[in-house]
Amino acid sequence: MTDGKDTEPVVAGPSTSKGSPKSPKSPKSPKSPDTAPAEATSSAIVPGATDDPIEAEQVEGDDFDDADSALGDGDNASSTASLTESILEYRTLNGRTYNSGRLGADKYWGPNDERQNEAMDMNHHFMTLCLGGKLFLAPLGEENMHKVLDLGTGTGLWAIDVGDEYPNCEVIGTDLSPIQPSWCPPNVKFEIDDMEQQWTWPENTFDFIHLRYMVGGVSDWFKLFKQAFAALKPGGYIESFEVEADFRSDDGTLKPDSAMIMWRDLFTEGGRKLGHTFTLLTEDIQRKGMQEAGFVDLTVKDIKVPMGPWPADPKLKEIGQWAQYTLEQDLEGFVMFMWNTVLGRSMEEMHVFLANFRRELRSPRTIHAYLPQRVVYARKPENA
């Protein structure tokens, strides 16, 4: 077994930030060999894949100018179940809607209303930029992409983009909430499914299983990876793209009493109470879970994501802008469930916290924060 860790700094492709937040199409990936070495995608275009500090742009002036902010005041505006009325009976908490919990999954912390869905659409574009315009890094091409499963598909944009890019591939996106568009390519379909329940997919069904940003949404990652292993065809790939809610800085500009540090502590404490970890990277859960499930040829790629447009590198600056846009689209939605429902803190305190957090987020001249992300992909052995 190889366990490659690629942190080579590289340069991203053309900018696509103007206009709609829909992501650019991913280029065709090379055909996967029977045994993919860890170096198979070492030349992949991944901005932020570096252990070195990100250079900050040298600018003058004051931070947090609401008049100049493009974001305006405050935030920017059984396994498989059929679509039934019970699933559409969303829970309403503090004026926001969440999945119904009818599938037993009432601990997911994210809303499913329009405001959060718009943030998810923006996040899809942001995450595609993080991979240099690619939809995934696993060494799969059109020749071996026949059936794909996208777990936790959200608003479905990743599944739709894959369906567009690979028209001969069947793509299935699953989620707890029916928030996907009714229009999609004919080779794409969506199903309501709780991936934590026992899977009903036959063994050896999929060529590729994809999941991203499931942080805080899974109680047993090791069980999840084992079920994915069984559902993959021999030689098929799994890819997990995750983030840790742990704002950091390489130059000391993020202080210990920062609201961004409070953000980390909020999700760490809330996750412990829920039984859903938010420290996937610190615990190395992706790699450990895939290894225990039986996957081989693991490749690990760590990525730094700047928060805001402070980097000197134009591609990292663009990524930082989209990271900020995505958060500010629905700051309240990202924290409300954990803050009030799980930890029992007051809404008044939450709004004060968010005002401080927003001020730091809009201070790129004085705070050079980033978030750690990790992509891990691996292969099911041919003889499994």
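This is a short tour of one predicted model, stop by stop.

Local features need pLDDT of at least 70 and side-chain atom pairs count only at pLDDT 80 or more, while totals for chains, interfaces and linings use all residues. Residues are numbered from 1 along each chain as its sequence is written, and side-chain values use heavy atoms, with hydrogens and water left out.

**Stop 1: two helices**

Select residues 259–274, helix α4, and residues 347–361, helix α9. Helices here are DSSP runs of H or I with at least four residues, strands are runs of E with at least two, and both are numbered from the N terminus. Two packed helices are described by the angle between their axes and the distance between the axes. How do the axes of α4 and α9 cross? They come within 8 Å and cross at roughly 125°. That makes α4 oblique to α9. Axes are lines fitted to C-alpha atoms, for helices over the stretch in contact, and angles run from 0 to 180 degrees between N-to-C directions. Angles under 35 degrees count as roughly parallel, over 145 as roughly antiparallel, 65 to 115 as roughly perpendicular, and the rest as oblique.

Now show the side chains. On α4, pick Ala259, Met260, Met262 and Trp263. They meet Phe353, Asn356, Phe357, Glu360 and Leu361 in α9. Contact means heavy atoms within 4.5 Å. The residues of this contact divide into seven nonpolar, one polar and one charged. Ala, Val, Leu, Ile, Met, Phe, Trp, Tyr, Cys and Pro count as nonpolar; Asp, Glu, Lys and Arg as charged; the others, Gly among them, as polar.

Stay on α4 and pick Thr268. Thr268 has 24% relative accessibility, so it counts as partly exposed. Buried means under 20% relative accessible area, exposed over 50%, and partly exposed in between (1.4 Å probe, protein chains only).

**Stop 2: aromatic rings**

Select the Phe, Tyr and Trp rings, taking the six-membered ring of Trp. Rings pair if their centres lie within 6.5 Å; planes under 30 degrees apart count as stacked, over 60 as edge-to-face, and the rest as tilted. The count comes to 16 aromatic pairs.

Zoom to Trp322 and Tyr325, an edge-to-face pair. The centres are 5.8 Å apart, with 70° between the planes. Both residues sit in helix α7 (residues 314–329); being three residues apart, they are separated by about one helical turn. Trp322 is buried because its relative accessibility is 4%. Tyr325, at 25%, counts as partly exposed.

Next, pick Trp339 and Phe353. This pair is stacked, 5.2 Å centre to centre, with 25° between the planes. Trp339 lies in helix α8 (residues 331–342) and Phe353 in helix α9, so the pair ties together parts that are 14 residues apart in sequence. Trp339 and Phe353 are both buried.

Which aromatic cluster holds Trp339 and Phe353? Its members are Phe247, Trp263, Phe267, Phe278, Trp339, Phe353 and Phe357.

**Stop 3: charges over rings**

Arg345 lies over the face of Trp339, 5.0 Å from the ring centre. Then go to Phe229: the charged end of Lys380 sits over its ring, 5.0 Å from the centre. A charge sits over a ring if NZ of Lys or CZ of Arg is within 6 Å of the ring centre and within 35 degrees of the ring normal.

**Stop 4: loop residues**

Start with Glu57, in the loop between β1 (3–5) and β2 (80–81). Glu57 counts as partly exposed, at 34% relative accessibility. Leaving out residues up to four places away in sequence, Glu57 touches Pro309, Trp310, Pro311, Ala312 and Lys317.

Move to Trp199, between β7 (188–193) and β8 (206–212). Trp199 is buried, at 10% relative accessibility. Ala230 is 31 residues from Trp199 in sequence and 9.6 Å from it in space, C-alpha to C-alpha.

His276 lies in the loop between α4 and α5. At 6% relative accessibility, His276 counts as buried. Gly217 is 59 residues from His276 in sequence and 6.4 Å from it, C-alpha to C-alpha.

Finish at Asp284, in the loop between α5 (280–283) and α6 (285–293). Asp284 is buried, with a relative accessible area of 16%. Its phi is positive, about 55°, although Asp284 is not a glycine.
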